[in-house]
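This report is written to be read alongside the sequence and the coordinates.

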Amino acid sequence: MYKAPRGTQDILPPEQSYWCFVSQKAQEICQLYGYKRIETPMFEEAGLFQRGIGEGTDIVEKEMYTFQDHGGDLMTLRPEGTASVCRAYIENGMSNLPQPVRLYYMADIFRYERPQAGRYRQHHQFGCEAIGDSDSALDVEIIELIWRFYASLGLENLTLQLNSIGCPICRPDYVRELSEYYSQFSNVLCPNCKTRLARNTLRLLDCKEESCRKIAHDAPKIAERLCSDCDTNFQQVKHFLGEIAIPFQINPFLVRGLDYYTRTVFEIIPQEEGAQTALGGGGRYDLLIEQLGGKPVPAIGFAAGMERIILNLNKQGIAVPLIPEPKVYVAHADEEGKAQAVKLIAALRQAGIGAMLATGSRSLKAQLKKANAIGATEAVILGGDELKRGTVVLRNMAEGKQEEIPLGEVAKRLQGYGVGYDRNNECGTL
Ligand code: AMP
């Protein structure tokens with residue numbers, strides 16, 4: 001028997017109402033803030049991610065699904081959304097549009113990770129990118145957008161963590177200082193951090209190993225060593241967040257896992273969880289577009305993991321609107337009834353009434369049982385003497401009450417079952 005590959009999952013019909021709800025809310029909030037949708041290919045040249053995300057990162061070193069295609073080119077299934085959006089910005093000359101260009105995407109993401117709850121090898125991200133402006137008001141717009149997005153879903157008890165990781169002017173001195181600090185502990189660091197010390201020193205700060213966390217605690221803090229431009233940006237971001245009453249915590253250990261970030265970085269974390277289960281995160285990446293061959297263009301963005309959102313909606317017991325299903329079942333008592341049923345149901349659907357037809361030649365009793373099983377509230381029964389009289393039986397499934405009505409009046413009687421009839425009334429949880 002074949003199984004879905006490890007770390008992947010089927011998203012089955014009962015879960016679709018969650019996906020529909022979350023993506024609808026994402027689209028609504030993007031419209032409100034003026035972000036326009038972009039879709040990029042699911043795979044790109046491997047070099048885009050190697051350059052963009054950075055050679056020393058976990059994603060590039062261990063997690064990419066890279067393959068050689070039949071033409072001999074090296075391709076990678078996208079392990080994040082930002083590099084592709086930046087490639088599209090450059091390739092499509094978007095620097096000629098009014099700046100900043102505000103874009104959003106919903107994309108499958110592929111990372112060869114160790115699967116666990118909330119961590120998969122294929123997952124989905126909703127992300128926004130605001131490209132072409134270094135104004136700290138834009139940092140705050142992006143943070144506000146993701147914060148309001150979670151709020152619009154009804155999620156509560158979330159914490160916004162914030163840090164600034166400087167720029168090429170202030171960061172190299174800081175990284176040197178950090179290296180010197182960590183060198184004293186090089187033989188007690190976890191094996192991962194021993195490698196990071198040489199290749200990706202900033203990442204030492206967010207190691208989750210208890211012994212490494214203790215060492216990180218007393219490490220020099222970058223936010224205290226920012227150059228004056230980065231410091232001004234950080235102060236303004238904090239000030240503006242205060243002005244719009246978005247609460248935040250400064251987390252000096254927050255550095256994010258990708259090389260391209262500069263200045264503002266942030267993550268949103270469910271309060272009851274450990275730091276490993278971020279619902280979403282992002283930051284400024286002022287050098288990435290130039291690094292990928294474009295003009296020097298500053299930018300900021302975030303990505304929110306859809307599976308983790310849905311996990312948290314369930315944990316918090318948040319009900320979502322169900323996707324409407326047909327509530328009318330059309331049954332038949334004999335062959336002539338079936339022929340008329342096919343005609344009637346086509347007319348009902350043309351009138352926008354959701355309906356399902358009994359198939360096969362089961363007894364009327366079996367058909368009505370099926371109508372119950374699929375949750376139909378009305379059944380129309382065609383055939384026998386009624387049909388000869390030009391009438392049908394209309395049965396209310398909940399009450400079991402039946403009445404005989406003219407065939408020509410069925411659509412009018414069932415008008416209330418038009419598409420979208422219960423969109424706002426019915427709610428459910430998984
Ligand atoms: P990142 O850019 O790695 O911070 O990812 C952005 C968001 O995507 C995270 O905050 C998570 O919500 C989600 N995410 C990242 N990796 C995974 C994964 N392997 N499985 C499920 N969700 C993920």
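The sections below take up the basis of the model, the ligand surroundings, the aromatic contacts and the backbone in turn.

## Basis of the model

The structure is a predicted model, in which local features need pLDDT of at least 70 and side-chain atom pairs count only at pLDDT 80 or more, whereas totals for chains, interfaces and linings use all residues. Residues are numbered from 1 along each chain as its sequence is written, and side-chain values use heavy atoms, with hydrogens and water left out.

## Surroundings of the ligand

The ligand is surrounded by 14 residues, of which Arg111, Glu113, Tyr120, Arg256 and Ala278 are the closest; a residue is near the ligand if one of its heavy atoms lies within 4 Å of it. By class, this shell holds four nonpolar, five polar and five charged residues, where Ala, Val, Leu, Ile, Met, Phe, Trp, Tyr, Cys and Pro count as nonpolar, Asp, Glu, Lys and Arg as charged, and the others, Gly among them, as polar.

A backbone N or O atom of Leu279 lies 3.0 Å from a ligand oxygen atom, while a polar backbone atom of Gly280 is 3.3 Å from an oxygen atom of the ligand, and for a polar backbone atom of Gly305 the distance to a ligand oxygen is 3.3 Å. The protein covers 92% of the 480 Å² of accessible area that the ligand has on its own, as given by the Shrake-Rupley method with a 1.4 Å probe (for residues, only the protein chains shown count as cover). Two or more residues of the shell come from each of strand S6 (122-131) and strand S11 (299-305); helices (H or I, at least four residues) and strands (E, at least two) are DSSP runs, numbered from the N terminus.

## Aromatic contacts

Across the whole structure, 10 aromatic pairs are found, a pair being rings of Phe, Tyr and Trp (its six-membered ring) with centres within 6.5 Å, counted as stacked if the planes are under 30 degrees apart, edge-to-face if over 60 and tilted otherwise. Tyr104 and Phe126 form an edge-to-face pair, 6.2 Å centre to centre with 80° between the planes, and this pair links strand S5 (residues 101-110) with strand S6 across 22 residues. Both residues are buried, a term for under 20% relative accessible area, with exposed meaning over 50% and partly exposed in between (1.4 Å probe, protein chains only).

Phe126 also meets Phe302 edge-to-face, at 5.6 Å centre to centre and 85° between the planes; because Phe126 lies in strand S6 and Phe302 in strand S11, the pair ties together parts that are 176 residues apart in sequence. Tyr104, Phe126, Phe149, Tyr150 and Phe302 form one aromatic cluster.

## Backbone values

Most residues other than glycine have a negative phi, and most peptide bonds are trans. The peptide bond from Gln99 to Pro100, however, is cis, with omega near -5°, and Pro100 is placed in the loop between helix H4 (82-91) and S5.

Ala245, which is not a glycine, has a positive phi of about 55°; Ala245 is exposed, at 64% relative accessible area. Arg263 likewise has a positive phi, near 50°, but Arg263 is found in strand S9 (residues 262-270) and is buried at 14%.

Methods. Polar contact = N/O pair within 3.5 Å; in protein donor to acceptor, adjacent residues only side chain to side chain.
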